[in-house]
Amino acid sequence: MTHAMLKGSNVPLEAATVRAVLRWTPGQGIPDVDASALLLGPDDRVRSDEDFVFYNQPRHPSGKVWRLGKKRVAEGLTDTIQTELLGVEPAVRRILLVASADGVAFDQVRDLRILLYDAAAADAEPLAFFDVTPETGEETALICGELYRRGDGWKFRALGEGYSNGLEGLATDFGISVDGAEAAQESPAAGPPASAHPTEPQAPRTPAAAEAPAPPAPAPPVPQAPEPTPPTAPLPPVPPVPPAVPAQTAATVSRPLPPEQPPGVPAQPGYGYPQPAAAPPAYGYPHPTGAPAYGYPQTPPAATATGAPSGYGYPPPAAPPPAAPVPDPDFRLPPQGPQFIGR
């Protein structure tokens, strides 16, 4: 029959070996729980640090109390302490069953329960269970229950007493030395303590080194005369730069003369210059008198110089050939651009 226990209640144990199982529901942000046990003498204190069974010391030297370790079950995670009651030393009067949350308050742990089983009966129902509820929610270590002697037998009592200073404060309160308490506070998954990797120590300052006079200051250096620099060879004289030739103006620049005309070829007058005297008049200007216009009175044949008949039906007299123009010796071409200058 399983006993559902309340805080402060107790139940007798007839089993020779019992398993105290701590069980809780894991989840996001929920701390891990560790089970441990303290074996107390008649004065409610441990006899030595060896009476503290936890993850760094999972077995008591007597071999009657040991930690089985954690296990995952359908209801959650468990951590177990097993005790062989008939073989416990007579000097041990109480065995505290403790849960610690590695510095995290137990108000974040869900469904914390301690169950007591008969280790000899496999797959049997628990003898008793107690739902552990922290009083303030700030506890980081809890005494879930205790196994204690009553006459020749043993009993289990539900306690639920908490400590806000963790497993170290609880262990110190029952006589564990400070060094042992510090070792108990370390988590098995946290690795070696910080002291296992000490930083490089610095050499202490001795009184002799502190009182030693300071070394004398070095003498200032004596100034030395600068070394004379060797004479250098004179540089060769720079040849004078010839004066720049002034640019010629447009008035002083000579122009090429026009090409000479070959003999016997009359010079061709340029556009815009006077026309030769023998050139025929343009359209609309007076015609020469030697050729009368149509419809005007004809000159009688006797009036012509040659006496030849003229008028309608007769050929007009031949006009004398024009005289060859005489070229002007002072004539010069106007200024021309560079595209007309012979290359």
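Trainee: Is Arg-47 buried, exposed or partly exposed?

Mentor: This is a predicted model, and in it Arg-47 counts as partly exposed, because its relative accessibility is 41%.

Trainee: Which side chain does Arg-47 meet in a salt bridge?

Mentor: The side chain of Arg-47 pairs with that of Asp-51, with a distance of 3.1 Å from N to O.

Trainee: And is Asp-51 buried or exposed?

Mentor: Asp-51 counts as buried, because its relative accessibility is 3%, and the cut-off for buried is under 20%.

Trainee: How many salt bridges turn up in the whole structure?

Mentor: A search of the whole structure finds 12 salt bridges, and one of them is formed by Glu-84 with Lys-64, where the closest N and O atoms are 3.7 Å apart. That pair links distant parts of the chain, since Glu-84 is in strand E7 while Lys-64 is in the loop between strand E5 (52-53) and strand E6 (65-73), 20 residues apart.

Trainee: Why do Glu-84 and Lys-64 count as partly exposed?

Mentor: Glu-84 is partly exposed because its relative accessible area is 28%, and Lys-64 falls in that class because its relative accessibility is 23%; the class covers values between the 20% and 50% cut-offs.

Trainee: Which residue does Asp-131 form a salt bridge with?

Mentor: Asp-131 forms a salt bridge with Arg-113, and the closest N and O atoms of this pair are 2.5 Å apart. Asp-131 lies in strand E10 (residues 128-131) and Arg-113 in strand E9 (residues 110-118), so the bridge ties together parts that are 18 residues apart in sequence. Asp-131 counts as partly exposed at 38% relative accessibility, and Arg-113 is partly exposed too, with a relative accessible area of 22%.

Trainee: Which residues are linked in a network of salt bridges?

Mentor: The network links Asp-32, Asp-34, Arg-67, Lys-70 and Asp-79. Asp-79 is also among the residues that line the largest cavity.

Trainee: Good, let's switch to that cavity, then. What volume does the largest cavity have?

Mentor: The volume of the largest cavity is about 50 Å³, and a search of the whole structure finds one cavity of 30 Å³ or more.

Trainee: Which elements give two or more residues to its lining?

Mentor: Those elements are strand E3 (17-25), strand E4 (34-40), strand E7 (76-84) and strand E8 (94-100). E3 gives the most to the lining, with three residues.

Trainee: How does the lining divide into nonpolar, polar and charged residues?

Mentor: Eight of the lining residues are nonpolar, one is polar and one is charged. Val-21, Leu-22, Ile-81 and Leu-97 are among the lining residues, as are Ser-36 and Asp-79.

Trainee: One last topic, the backbone. What is the phi of Asp-44?

Mentor: Asp-44 has a positive phi of about 60° although this residue is not a glycine. Asp-44 is found in the loop between E4 and E5, and at 34% relative accessibility Asp-44 counts as partly exposed.

Trainee: And where does Asp-111 lie?

Mentor: Asp-111 lies in strand E9, and its phi is near 60°, again a positive value in a residue other than glycine. Asp-111 counts as exposed because its relative accessibility is 56%, and exposed means over 50%.

Conventions:
Residues are numbered from 1 along each chain as its sequence is written. This is a predicted model: local features need pLDDT of at least 70, side-chain atom pairs count only at pLDDT 80 or more; totals for chains, interfaces and linings use all residues. Side-chain values use heavy atoms; hydrogens and water are left out. On a 1 Å grid over the protein atoms alone, a cavity is a set of points where a 1.4 Å probe fits but cannot get out, and a pocket is an open set with protein on both sides within 12 Å along at least five of seven lines; lining residues have an atom within 4 Å of a point. Grid points are joined across faces, edges and corners, and a volume is the space filled by probe spheres set on the points. Helices (H or I, at least four residues) and strands (E, at least two) are DSSP runs, numbered from the N terminus. Ala, Val, Leu, Ile, Met, Phe, Trp, Tyr, Cys and Pro count as nonpolar, Asp, Glu, Lys and Arg as charged, and the others, Gly among them, as polar. A salt bridge is a side-chain nitrogen of Lys or Arg within 4 Å of a carboxyl oxygen of Asp or Glu. Buried means under 20% relative accessible area, exposed over 50%, partly exposed in between (1.4 Å probe, protein chains only).
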